[in-house]
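Q: Could you take me through the terms used for this model, setting each value against its definition?

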There are 4 protein chains.
Amino acid sequence: MPPLRVGVMGCGYWGPNLVRNFARHPEVKVEAVCDRELKRAERTGAEYRVPTVTDRPEKLFADRSLDLVVVATPTATHYDLTRAALESGKHALVMKPLTSSGEQAEELAALAAKRGVLLAVDHTFVFTGAVRKMKELVSSGALGELYYFDSVRVNLGLFQSDINVIWDLAPHDISILDYLVGGEPEEILAVGVAHGQSPTENIAYITIRYPNSFLAHVHVNWLAPAKVRQLILGGSRKMVVYDDVQPSEKVKVYDKGVSFQNGGDGDDPYKFMVSYRAGDMVAPQLDAKEALAVEVENIVRAVRGKEPLVADGAAGVRVVRLLEAAQRSIAEGGAPLRLAQPAWSRL
Amino acid sequence: MPPLRVGVMGCGYWGPNLVRNFARHPEVKVEAVCDRELKRAERTGAEYRVPTVTDRPEKLFADRSLDLVVVATPTATHYDLTRAALESGKHALVMKPLTSSGEQAEELAALAAKRGVLLAVDHTFVFTGAVRKMKELVSSGALGELYYFDSVRVNLGLFQSDINVIWDLAPHDISILDYLVGGEPEEILAVGVAHGQSPTENIAYITIRYPNSFLAHVHVNWLAPAKVRQLILGGSRKMVVYDDVQPSEKVKVYDKGVSFQNGGDGDDPYKFMVSYRAGDMVAPQLDAKEALAVEVENIVRAVRGKEPLVADGAAGVRVVRLLEAAQRSIAEGGAPLRLAQPAWSRL
Amino acid sequence: MPPLRVGVMGCGYWGPNLVRNFARHPEVKVEAVCDRELKRAERTGAEYRVPTVTDRPEKLFADRSLDLVVVATPTATHYDLTRAALESGKHALVMKPLTSSGEQAEELAALAAKRGVLLAVDHTFVFTGAVRKMKELVSSGALGELYYFDSVRVNLGLFQSDINVIWDLAPHDISILDYLVGGEPEEILAVGVAHGQSPTENIAYITIRYPNSFLAHVHVNWLAPAKVRQLILGGSRKMVVYDDVQPSEKVKVYDKGVSFQNGGDGDDPYKFMVSYRAGDMVAPQLDAKEALAVEVENIVRAVRGKEPLVADGAAGVRVVRLLEAAQRSIAEGGAPLRLAQPAWSRL
Amino acid sequence: MPPLRVGVMGCGYWGPNLVRNFARHPEVKVEAVCDRELKRAERTGAEYRVPTVTDRPEKLFADRSLDLVVVATPTATHYDLTRAALESGKHALVMKPLTSSGEQAEELAALAAKRGVLLAVDHTFVFTGAVRKMKELVSSGALGELYYFDSVRVNLGLFQSDINVIWDLAPHDISILDYLVGGEPEEILAVGVAHGQSPTENIAYITIRYPNSFLAHVHVNWLAPAKVRQLILGGSRKMVVYDDVQPSEKVKVYDKGVSFQNGGDGDDPYKFMVSYRAGDMVAPQLDAKEALAVEVENIVRAVRGKEPLVADGAAGVRVVRLLEAAQRSIAEGGAPLRLAQPAWSRL
């Protein structure tokens, strides 16, 4: 079987990690790297002995031997570069968030479908051992009925002038939420504030309602004194805490919960009996494989038709739409916004 | 100087702690304890050698020798008992929340003023060494301009059938917020959900906007797998983290922050330069005196006219009003509600 | 069945806790409390409505109605008071350490046996939910062959002029070690140092060797900046960490280990293959019952002949002997001392 | 000024880190890399574009253009390779421990002195921001008189067949101890045990006595369930805890302590008054520069004659001698061994 031939655009912070992981895969050859700053492309190219090094994206689109183009450039450029890649008949892997608007994201997903190529989105966290373990717990029913998802992702972060804290950090939380919980969110509301002379929001709270009282909440903050990366997924049977700052035991599964029964006298509907349950806590051993290596393996297998993409264009669209809706709610002062169901289910 | 003569109503969970702290104060005599269940009053009375033990509140109101009545009964009974105490010319100390409605709270505050007696509210946390240290940092300007207040108070809590998680837990956070930050909140929005067969909300997120972009957020949850009691107060100069679950070093002051300057070229208002600052972290030694002892001392001195009450009726009113507004926003699906300024400033 | 009639000597820090727990037991009546400072006895007596309050121990020994005497006085007085109690035909419960010399401890154990009464020692920790869970894990074989016991008990402690840090803190560790591991230690060595003007050692390290390479080590320190109470029990199959400072998840059971096989070529005995195993970590739910309540229950049942004492005179002797031997090794500059086996096994 | 020309022997785990840090230094050129397995040398050589790649050490010794040889090979080979490097007139940097015997270490130190070249030892930890900050605190007198050094370095480590846990892990602790405290240790004792089929000790406790009651203790363990890297340095004024597992706030300085005064009545020398002090805790901001980069800078400046080596041959000798003495004490069953002072002070 011939190797999968890959070209990578963007050799800034994240691009080289992707090059490294594609380069290590036995069925892949990294054929080209590209960066607007040629020096960065050269450095990455030298380290992984990439044949073609360029500062012109067109060169990659025009190269018929390439199977897959990786778009690891700033968000604002994703749409144009990905469209060009897809139109040249190549599969594409795009960094998160897929685009800066839901409309563009949908267009790309539709284009990929039309061209019969794959559109993958780099929702890195869904490939970590921690999130995969949580997915397993959700899928097996171990958690019971899901109650809430609460994610905190705060630290003294790098302020960015073009995007706010939501577009910077929340794609991680929203993509994990989408992966773990699926389903169709009904409503979103968000509040965000810009402090000091910051031109964009540096702190935001996003609340997303789902059917059956499932509630998701995301707190992102660039101005926090200490790094927190904590997610709680509460269910009727078990509850999971995922603390990504811990060096080990990142995921803890608590056998804790509450059950309600109606009280003895049928007259009073407000009387109820509560019973509490507190059993062992288990920190399962997690697969330590690097998330990007798992992601690359999924993409390679998906291209070979052996399994579906875990983070496909539809997931990318759903995440971008939620970010966009959160942004709109912020602009409207925190007003709750209905999420259009049909558009959602179309994907 | 004759001792301050105190009667305590309610010998359930919290009342005995108050009896103990009043009994220990050298200028106080606990003259009476009262509980609907006489046995509970008897147990507390015996332990602290209280002369009068009764199950009839009227006995306390009628006792002309009593200076102060402590109302440590369920919230629903606060209004009636406190009104009777104030009308009988006694000072009153009422557990949090002061009442279950803002209107009633205002009525009590007005009544106390009219009768010339003190109305104190047991906002216990504002008397802790941790919160007092934070107040000191705010007042001295050490934190700079305040940016945000983020409080998380979650655990596997005792479900209650008459009140929801907001009225149970958030009085703590809101009273700390009111004490530390003061000022006039402009808007509130809250989302809450009841899970399982719970008749009341067991998880809620409250967001409160203040002038000048100061933002407060409170997360309360009865269905969390682990106990979290964490508050972040972010300012332009320093940031404080108060973690009440820690056995020591509960308060940490971070010399961290971000400064913004406009970029060099005046044409682009969106260009800006960010500089980051990260200095030492200091965990100040905290006064270890029991909060209730500090509170009792403040009340005794306030009755003697030596200093103002730290947590007075007006504070009680402000907290109840915010709880009430949060409840209303939940009922309206998370809609942002303006907070009536005049009513607020009247206090 | 008539109640067990108990008299308690010593109403300082620990005595009242014992009174409280005996007073709560349905089959016990606390008949007398005694303290050299009568006021302390009176305070405790009032709180638990104890009929007899005295400052004269003889009164307790002479009271024929008493079944059990609790000795909660300073260590130096244990021997005399306990001997008198036993000689008057009463059961005795003595605080740790049983005595300040092994000889005296043995004498008391022998005396109790001769009189046909029980001699219990307040090795409180062995009655905690945490240590009982660990005992269960050891007994069931879940840990496999035991490899080592490492205990750290340090903090900024109260310096004492009559005893050093070993006699103050190490009885806890040594009694847990004796309870969990049993067996016969072969050798002990200890190093201790007095800093500043301290008249006694304030830091010490004790090492105890057992057969089959099992090694125990205890670090006690009165001059540490932060409180640490951590014990690791390592076995061939699992390893347990008991962190008593944690508010929850005090005991963690790690499914981790190493296996050795001889390498392929039989010639080289130093060649070996190591395989590592890392599975889930489980923090078992622990019985939250107060340790003293469990201890009191054991004593009551032992007096009734329903079960053996968990911490009997023989355990008290073993602990005192190890403390004494550690002290001797310190005096000899850290020299390893053989532990006399016959004396040991006689118990 | 011509660049410092460096050759690196050993491209296993640690060697490439050294190549990277030397390669980044503006005044250094890495001219050669060498590994017994040529493939490893080739991989490292390619990444850093090193001109000479070889599997023959002699090639480096014979290369007159080389100024410095780095010895990053297994410990057993240090002596021969370093001697050859020094004899060929080159400076040498040797991984820790310098050699596997004190005699060899002294020989190398003497040889370097005779040849007029530098012998540096890679005691990496003394170049970390954390340890440098601690050194600053010791040197400035902020800690007062030093009382004890307690270091724990345990985890589920890689068992090695040629060296035991002391030679693997304790060089870190001993080199930090030597750097921070200096002085002349008087006595050492150590206990170590091999568990399972392990051919070498996998757990060991080392105690080192210094004049004036200063006590050092090191616990190293390959069979611990969780990773601990914690060092406490206790002084009369302040105490420092260095926890290397923490992602931030690795060093905490506690303003805690105890003072002793003789009691009022002069007759009783055992009466004393203790006063406790507990002030703020400060976690100073640490220099985040990579330790190896700081080390390389020191070596370059030392070669240029601008500053002395921080970790020189004499430090290497002192560390090896302590390891060797610990090993001997283990062999003698934990017997305390006097450390020969003259030999020590000769350095």
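A: Copies are superposed by least squares on the C-alpha atoms of residues with pLDDT of at least 70 in both. This is a predicted model, in which local features need pLDDT of at least 70 and side-chain atom pairs count only at pLDDT 80 or more, while totals for chains, interfaces and linings use all residues. Residues are numbered from 1 along each chain as its sequence is written, chains are lettered from A and ligands numbered from 1 in the order in which they are written, and side-chain values use heavy atoms, with hydrogens and water left out.

Q: What makes the relation of chain D to chain C that of a two-fold axis?
A: Chain D is superposed on chain C by a rotation of 180° with 0.0 Å of shift along the axis, at an RMSD of 0.0 Å. That is the relation of a two-fold axis. Of the residues of chain D, the one that comes closest to this axis is D:Ala335, whose C-alpha lies at 2.9 Å.

Q: How do you know that chain D and chain C meet through the same surface?
A: Contact means heavy atoms within 4.5 Å, and 49 residues of chain D are in contact with 49 residues of chain C. Because 100% of the interface residues of chain D are also interface residues in chain C, the copies meet through the same surface.

Q: How much area do chain D and chain C bury between them, and what does the rule find across their interface?
A: Buried area is the accessible area (1.4 Å probe) that two parts lose on being put together, summed over both; for chain D and chain C it is about 4,400 Å², with 73% on carbon and sulfur atoms. The rule finds 14 residue pairs in polar contact, both residues at pLDDT 80 or more, where a polar contact is a pair of N or O atoms within 3.5 Å and, within protein, one must be able to donate a hydrogen and the other to accept it, residues adjacent in sequence counting only if both atoms are side-chain atoms. Among the strands of chain D that each supply at least two residues of the side touching chain C are β7 (146-156) and β14 (272-283).

Q: What area is buried between chain D and chain A, and how many residues does each chain give to the contact?
A: The buried area between chain D and chain A is about 390 Å², and carbon and sulfur atoms give 58% of it. Five residues come from chain D and five from chain A.

Q: Why is B:Arg20 called buried?
A: Buried means under 20% relative accessible area, exposed over 50%, and partly exposed in between (1.4 Å probe, protein chains only). B:Arg20 has a relative accessible area of 18%, so the residue is buried. Its side chain makes a polar contact with the side chain of B:Asn17 at 3.0 Å. Leaving aside neighbours within four places in sequence, B:Arg20 is in contact with B:Tyr48 and B:Glu290.

Q: Why is D:Ser275 described as it is in terms of accessible area?
A: With a relative accessible area of 32%, D:Ser275 is partly exposed. This residue lies in strand β14 of chain D, strands (E, at least two residues) and helices (H or I, at least four) being DSSP runs numbered from the N terminus. Not counting residues up to four places away in sequence, D:Ser275 touches D:Gly257, D:Val258 and D:Ser259.
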